Amino acid sequence: MSTPLETQSKRERNWIYITAWIILAVLIVGALLAFSSGRETRQAQEKADQLIAALEEAGASAPSQDQIVRVLGDDGGATCESPNDALNRSILLSQLSNGASGPGARPVIADSKVFQGQLLIIEVYCPDELDDFREFVEGLETANVAGE
């Protein structure tokens with residue numbers, strides 16, 4: 001048995017090696033990204049469990065862990081995106097109205113429990129924003145309108 005004669009030039013072999021290394025590098029980068037996203041998913045699930053426990057302790061019914069993970073992720077999503085900025089506060093206040101549009105829109109005195117869920121989300125996902133937001137909420141006029 002004899003060794004077959006090499007018919008490829010050195011340049012062709014180098015291109016094959018370079019291509020193989022590039023493919024290997026792409027696969028390694030993809031594996032690292034998948035690993036870090038798996039870690040983020042684990043963190044999101046842990047924070048969702050904390051939020052579920054806090055909601056149930058407060059007497060509210062909590063959504064499923066999957067729903068919380070999809071909406072809030074591991075960083076609180078839109079809820080923690082500068083909750084103390086003037087624009088976000090004005091959007092929140094505009095939702096506390098009688099539901100009319102145009103000149104008929106009037107602010108209302110909301111139930112004191114309206115902000116409880118948002119405070120719990122901020123407490124779990126972005127606690128550094130909690131004190132300022134709690135101060136803002138405590139400055140609003142609320143009442144026990146649900147009668148509980």
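This is a predicted model: local features need pLDDT of at least 70, side-chain atom pairs count only at pLDDT 80 or more; totals for chains, interfaces and linings use all residues.
Residues are numbered from 1 along each chain, and local features need pLDDT of at least 70.

**Exercise 1.** Work out how helices H4 and H5 are oriented relative to each other.

*Solution.* Start with the helices: H4 covers residues 116-125 and H5 covers residues 130-138. They pack at an angle of about 165°, with axes 10 Å apart. Angles over 145 degrees count as roughly antiparallel, so H4 and H5 are roughly antiparallel.

**Exercise 2.** Find which residues make the contact between H4 and H5, and sort them by type.

*Solution.* Contact means heavy atoms within 4.5 Å. From H4, take Gln118, Leu119, Ile122 and Glu123. From H5, take Leu130, Phe133, Arg134 and Val137. Now sort them: Ala, Val, Leu, Ile, Met, Phe, Trp, Tyr, Cys and Pro count as nonpolar, Asp, Glu, Lys and Arg as charged, and the others as polar. You get five nonpolar, one polar and two charged.

**Exercise 3.** Decide where the buried residues of H5 lie around the helix.

*Solution.* First, list the buried ones (under 20% relative accessible area): Leu130, Phe133, Phe136 and Val137. Next, look down the axis of H5: these residues fall within an arc of 130° (taken from the directions from the axis to the C-beta atoms), so they line one face. Finally, ask what covers the buried residues of H5: the cover includes helix H3 (86-94) and H4.

Key. Side-chain values use heavy atoms; hydrogens and water are left out. Axes are lines fitted to C-alpha atoms, for helices over the stretch in contact, and angles run from 0 to 180 degrees between N-to-C directions. Helices (H or I, at least four residues) and strands (E, at least two) are DSSP runs, numbered from the N terminus. Angles under 35 degrees count as roughly parallel, over 145 as roughly antiparallel, 65 to 115 as roughly perpendicular and the rest as oblique. Buried means under 20% relative accessible area, exposed over 50%, partly exposed in between (1.4 Å probe, protein chains only).
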